[in-house]
Every structure is written in C-alpha cells, then in structure tokens.
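Look at the sequence and the structure before reading on.

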Amino acid sequence: MNRTIDALVRTIVRGEMTTGGKAQGLTRAQIDEVERDQGSPLPAPYRQFLAQVGGGVGGFLRGSDVFYPHMLGLGQEARRLLEENSVPFAWSPDDRVIMMHQGYQFDMLRGTGEDSEVWSYSEGTDVDVPVRTFDCFADWLAAWVECYSLDVWT
C-alpha cells in the first residue's frame, strides 16, 4: 500500500471537500473493468485510489469525469479531442486517461513502472500538445487535494 495515496485519501475523506457524500471505493472487478477499458495495466497507486474512492467522494473533483463509471471511454474521448484539434501526438500503448473535464481538457498516466507520470492537455491554450505536468499520480492527486483544501475549486 502506498502511504502517500492513503494519506491523501484520508485528507479528502475527512476534509470539507467531501461535503455531499461519503467515499465510494471500487471493487476489484470494477477496477479490472477500468483497466480493460484503458487497454494497459494501471499503476498500483492509481489502483489504490480507485479501490478507496474510485466511485466518488462528495464534492471532490465534481464536474470532471474522473470517477467510475464516467471514466470509462475517456481514452477514446481524449483521442477524438486531439484528432478534432489536429494535434500531432503519438499515443503510447500505455497511455491511460484518468480525467476529462468538460470535454476540452484531460489528464493521463504515461509510462510504466511503480507510478506513472501525468500528462495534460487543454484545448485552446498556448501549449498545443499534451505535456508532462506531474512526475507521478501521487503528485497529481496531492495538487488536487491542495486546491480543494485552499478552497480554490469548491
């Protein structure tokens, strides 16, 4: 078990950001379904996140497709978004889209190993291709927890 992910999830669950509901973890079968949908193995920290809160947790990240079952099909949606915008990007077989917001931006896990990098794309910005935004999923999650803790997104 990744202690960083566990600590971040505890912060999410006990914090103000969960107003409106309690944590809903995913079953192993649901996590396996997400993995099949993504077409590549999910890194352990992300699987842990899904097991603890993959079905949603109050208002945390509300408005973005990040929780089950809304995360299913995000890989195809992200590819379609890049294609519609004629973005030259070489997808890797291990790219897994973990969040899409309002159909114009997405975050994805890229790379293999213990914890994958997070790359991001947002339509209509100066950066016209997906770029690496976090060294690992834990850093991505920590950034979101900080935003919600500071009341930036609530």
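The sections below describe aromatic pairs, a cluster and charges over rings in this predicted model.

## Aromatic pairs

Searching the whole structure gives 12 aromatic pairs. One of them is Tyr 46 with Phe 49: the ring centres are 6.3 Å apart and the planes meet at 15 degrees, so this pair is stacked. Planes count as stacked when they are under 30 degrees apart.

Both residues belong to helix H3 (residues 44–53), where they are 3 residues apart, or about one helical turn. Tyr 46 is buried, at a relative accessible area of 3%. Phe 49 is also buried, and its value is 1%.

## A pair across the sequence

Trp 91 and Phe 106 are stacked too, because their planes are at 20 degrees and their ring centres are 6.0 Å apart. Trp 91 is in the loop between helix H4 (74–84) and strand E2 (96–101), while Phe 106 is in strand E3 (residues 105–110), so the pair ties together parts that are 15 residues apart in sequence.

Trp 91 is partly exposed, with 23% relative accessible area. Phe 106 is buried, with a relative accessibility of 1%.

## The cluster

Tyr 46 and Phe 49 are also members of one aromatic cluster.

## Charges over rings

Trp 91 has Arg 79 over its face, 4.1 Å from the ring centre. At Trp 119, the charged end of Arg 110 sits over the ring, and the distance to the ring's centre is 4.7 Å.

Notes:
Residues numbered from 1 in each chain as written. Predicted model: local features only at pLDDT ≥ 70, side-chain atom pairs only at ≥ 80, totals over all residues. Heavy atoms only, no water. Phe/Tyr/Trp six-rings, centres within 6.5 Å; stacked < 30°, edge-to-face > 60°. Helix = DSSP H or I, 4+ residues; strand = E, 2+ residues; numbered from the N terminus. Buried < 20%, exposed > 50% of the residue type's maximum accessible area, 1.4 Å probe, protein only. Lys NZ or Arg CZ within 6 Å of the ring centre and 35° of its normal.
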